[in-house]
Amino acid sequence: MTEDASRGLTLANKITISRLLLVPVFVACLIYRRPGLGLFIFLLASVADTLDGYLARSQGEHTALGAMLDPMADKLLMFSAYVITAAYGLIPAWLAITVIGRDIVISAGFLWLYLAKGFVTPAPTPLGRTTTVTQVLSMVFALLVWAAGGEVFWAPILWALTLLYFLTGTLTAASGIHYFIFVGGRMASRRESPE
């Protein structure tokens with residue numbers, strides 16, 4: 001293990017830190033109504049998220065620092081994106097509430113289990129990964145429509161975007177229930193079972 005890796009400063013963690021630094025830049029782009037640049041930053045952060053995860057797995061450099069910073073970078077980016085675009089009326093308010101509420105409930109539930117049982121948050125499930133993909137796609141298309149001014153999009157495309165929002169909301173709610181009840185319940189049971 002390298003000196004950087006032993007301190008948690010792996011290449012993957014450096015990329016994760018760069019994602020955290022991109023969040024205020026992304027927020028500034030949206031606040032100052034530069035959706036094109038905001039979309040670029042959002043895509044850059046999303047690609048970096050995939051890259052740092054791949055590097056951590058392929059190099060065997062999972063660290064406590066990365067385990068803490070990676071979800072923090074994800075949540076801050078998505079929270080900022082959904083709050084601001086909902087405030088501007090670019091996405092439905094119910095979708096933003098669903099996405100943010102799900103993350104708050106899951107985080108609170110797993111924090112309670114960690115404090116009570118000492119368990120580590122489980123790896124993402126296929127449902128959770130699919131939900132993340134739809135959340136990212138919803139935001140990408142919302143920013144794209146904003147950047148284009150909406151004029152270049154035909155009604156069928158806007159209807160498809162509405163369907164994507166409903167799909168995202170449904171998957172978000174379903175994955176929240178799955179994580180909170182089923183995954184959390186299994187982890188709690190595992191901790192309570194005899195060694």
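In which helix of the chain is confidence lowest, and in which is it highest? This is a predicted model, in which local features need pLDDT of at least 70 and side-chain atom pairs count only at pLDDT 80 or more, while totals for chains, interfaces and linings use all residues. Residues are numbered from 1 along each chain as its sequence is written, and side-chain values use heavy atoms, with hydrogens and water left out. The score pLDDT is the predictor's confidence in each residue, from 0 to 100.

Confidence is lowest in helix α1 (residues 3-6), with a mean of 45, and highest in helix α2 (residues 11-31), with a mean of 92. Over residues 1-6 the pLDDT stays under 50, and the model has six contacts for them beyond four places in sequence; a contact means heavy atoms within 4.5 Å. Where pLDDT is low, the predicted coordinates should not be read in detail. The mean for the chain is 82, and 82% of its residues reach 70 or more.

## The overall layout

Helices (H or I, at least four residues) and strands (E, at least two) are DSSP runs, numbered from the N terminus.

Of contacts between residues at least 6 apart in sequence, 80% join residues at least 24 apart. The chain has 195 residues, and 41% of them count as buried. Buried means under 20% relative accessible area, exposed means over 50%, and partly exposed lies in between (1.4 Å probe, protein chains only). The chain exposes about 11200 Å², with carbon and sulfur atoms supplying 71% of that area; accessible areas come from the Shrake-Rupley method with a 1.4 Å probe, and for residues only the protein chains shown count as cover.

A nonpolar core is a set of buried Ala, Val, Leu, Ile, Met, Phe, Trp, Tyr and Cys residues joined through side-chain atoms within 4.5 Å. The largest one here has 30 residues, of which F26, F42, Y82, I91, M139 and L143 touch the most other members. Helices α2, α3 (35-58), α4 (64-87), α5 (93-117), α6 (126-148) and α7 (155-192) each supply at least two residues of this core.

Leaving aside residues up to four places away in sequence, M139 touches F42, A81, Y82, T85 and I91. There is also a second, separate core of five residues, including A12, I15, A48 and L55.

## Aromatic rings

Rings of Phe, Tyr and Trp (its six-membered ring) pair if their centres lie within 6.5 Å; planes under 30 degrees apart count as stacked, over 60 as edge-to-face and the rest as tilted. By this rule there are three aromatic pairs. One of them joins F26 and F42 in a tilted arrangement, 5.7 Å centre to centre with 40 degrees between the planes. F26 lies in helix α2 and F42 in helix α3, so this pair ties together parts 16 residues apart in sequence. F26 is buried at 0% relative accessible area, and F42 counts as buried at 0% too.

Y88 and W146 make an edge-to-face pair, 5.5 Å centre to centre and 70 degrees between the planes. Because Y88 lies in the loop between α4 and α5 and W146 in helix α6, the pair ties together parts 58 residues apart in sequence. Y88 is partly exposed at 29% relative accessibility, whereas W146 is buried at 16%.
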